[in-house]
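Subject: Structure handover

Hello,

The structure I promised is below, with its sequence. My notes on what turned up in it follow.

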Amino acid sequence: MRLANTILLIVVAASCAGLAAASTQREGADRPASVYVFLADNSIVRTNALFGTWKVTRIGKAPTDIVSTGELLARSRDHRILWALVRSESTLVALTADLRALKVIHLPKSWSARALAVGPNTGRLYIAYNIATLKRGRHDPLRSARLAVFESDGSRRLTDTLLRPNGGRSWLIWSLALDPAERRAYISYHGSDTTGLDVARINGSRILNCPTRSDSHVGCWTHPHGLALAGEDDVVASTGSQTIEVYDTSGTLVRSLDTGLENNHLMEFAIDRAGDRLVAAGSCGYVPGFAVVAYSTGVRQLLNRSKSICGQTLAFAGGDVVIVGKTALAVPDPDREGQLLRIDAQRGAITGSHRTASEPTDLLVVP
């Protein structure tokens with residue numbers, strides 16, 4: 001009898017522990033992630049996946065021109081600081097989680113800063129930027145491409161490396177990604193006469209870009225044309241078409257993921273590696289729609305051609321929730337209202353929306 005009672009107590013205790021753990025997991029799952037949105041008018045929104053909270057702060061004057069999307073937000077390695085890159089004012093702004101400005105770092109005015117990343121190992125700040133040179137007879141400037149690295153607090157520039165001289169072309173930087181080991185930087189281009197992706201090796205304070213012909217108009221990897229994301233042993237890149245490509249670290253194409261979003265100039269996507277999913281949205285300026293593809297196999301799981309779902313930037317916000325930044329055209333306009341969409345990735349349906357004072361240019365989700 002005593003043994004039976006002991007066994008019963010153990011079973012009850014285990015059950016209670018299991019219920020407590022399950023309850024904790026449910027609470028974590030029910031607690032919405034923080035969503036930070038960089039708007040084209042140089043303001044930042046903090047909300048959550050349910051759009052239940054809403055805070056806005058301005059970190060610069062609204063630019064006069066339309067702007068492109070890109071990596072403008074990054075979180076410090078210790079998760080205490082939100083870094084924001086203000087392209088139009090050539091500044092780097094440090095903010096608290098609740099959008100209180102801590103400091104403003106003024107970058108050289110000659111820089112056209114394009115993309116920001118935080119080193120996964122060192123916490124250093126990486127800024128990919130262009131130096132523009134006007135040339136008579138061209139509709140856009142010549143642009144060289146460079147990569148600068150700063151201390152984690154932005155106080156000191158550690159290195160500044162020329163990736164590409166302009167060579168008579170416009171090497172307009174589109175995206176910057178670092179691998180988890182912080183050994184490689186991936187820089188993609190989207191100029192009027194350039195495209196592709198470069199791989200720069202990082203060795204302490206030294207950065208060495210991949211070699212290529214001086215008269216080339218493409219990066220060392222020729223197909224990428226937009227956003228690139230780096231994993232431990234792969235690199236995922238948009239191509240400007242409905243297809244997303246997966247490469248190994250040597251640049252060999254491993255597989256192609258066909259989103260089915262035809263007649264789009266697809267530049268952005270989001271990956272849920274744990275859930276083995278890649279999602280993409282059609283551009284409101286081309287053909288709307290929403291697609292989900294199995295990341296490991298390329299099998300398309302969902303394609304919704306609804307005209308209501310479209311945008312440029314997007315990010316997973318926990319579970320099946322995807323946040324899409326909706327813009328009227330392919331490039332965000334500071335003077336035009338935008339919208340955030342909450343999409344159920346299982347059904348491809350809109351489950352919520354919220355208007356923004358200006359169109360979104362970047363999204364960062366913090367669990």
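**Salt bridges**

Arg-213 is exposed, with a relative accessibility of 59%. Please keep in mind that this is a predicted model. Arg-213 makes a salt bridge to Asp-215, with 2.8 Å between the closest N and O atoms. Asp-215 is partly exposed, at 46% relative accessibility.

The structure has 17 salt bridges by the rule used. One of them joins Arg-300 to Asp-258, where the closest N and O atoms are 3.7 Å apart. This pair links distant parts of the chain: Arg-300 belongs to strand β23 (residues 300–304) and Asp-258 to strand β19 (residues 253–258), 42 residues apart. Arg-300 is partly exposed at 38% relative accessibility, and Asp-258 is partly exposed at 30%.

Another salt bridge brings together the side chains of Arg-138 and Asp-140, at 2.7 Å from N to O. Asp-140 is buried, with a relative accessibility of 12%, whereas Arg-138 is partly exposed, with a relative accessible area of 25%. Both residues belong to a network of salt bridges that links Arg-138, Asp-140, Arg-143 and Asp-193.

**Aromatic pairs and charges over rings**

Five aromatic pairs came out of a search of the whole structure. One of them is Trp-171 with Tyr-189, an edge-to-face pair with 5.0 Å between the centres and 75° between the planes. Trp-171 sits in the loop between β11 (157–164) and β12 (173–178), and Tyr-189 sits in strand β13 (residues 184–189), so the pair ties together parts that are 18 residues apart in sequence.

Trp-111, Tyr-129 and Phe-150 come together as one aromatic cluster.

The charged end of Arg-164 is placed over the ring of Trp-171, 4.3 Å from the ring centre. An arrangement of this kind also involves Tyr-295: Arg-255 lies over the face of that ring, 4.8 Å from its centre.

Strand β26 (residues 338–344) pairs with strand β27 (residues 349–356) in the antiparallel sense, over seven bridges. Within this pairing, Leu-341 has Ser-353 in β27 as its bridge partner. The two strands form a hairpin with four residues between them, and Gly-348 in the turn has a positive phi of about 70°.

Strand β28 (residues 360–366) is mostly covered, with six of its seven residues buried. Which strand does β28 pair with over six bridges? That partner is strand β1 (residues 34–39), and the pairing is antiparallel. Tyr-36 is opposite Leu-364 of β28.

**Glu-359**

Glu-359 is located in the loop between β27 and β28. Glu-359 is buried, with a relative accessibility of 1%. A polar atom of the Glu-359 side chain lies 2.8 Å from the backbone nitrogen of Ala-328. Leaving out residues up to four places away in sequence, Glu-359 touches residues from several stretches of the chain, among them Phe-38, Leu-39 and Ala-40. Its contacts also include Thr-327, Ala-328, Val-331, Pro-332 and Asp-333, together with Arg-336, Glu-337 and Gly-338.

Regards

Definitions and conventions
Residues are numbered from 1 along each chain as its sequence is written. This is a predicted model: local features need pLDDT of at least 70, side-chain atom pairs count only at pLDDT 80 or more; totals for chains, interfaces and linings use all residues. Side-chain values use heavy atoms; hydrogens and water are left out. Rings of Phe, Tyr and Trp (its six-membered ring) pair if their centres lie within 6.5 Å; planes under 30 degrees apart count as stacked, over 60 as edge-to-face and the rest as tilted. A charge sits over a ring if NZ of Lys or CZ of Arg is within 6 Å of the ring centre and within 35 degrees of the ring normal. A salt bridge is a side-chain nitrogen of Lys or Arg within 4 Å of a carboxyl oxygen of Asp or Glu. Buried means under 20% relative accessible area, exposed over 50%, partly exposed in between (1.4 Å probe, protein chains only). Two strands pair if DSSP finds at least two bridges between them. A polar contact is a pair of N or O atoms within 3.5 Å; within protein, one must be able to donate a hydrogen and the other to accept it, and residues adjacent in sequence count only if both atoms are side-chain atoms. Contact means heavy atoms within 4.5 Å.
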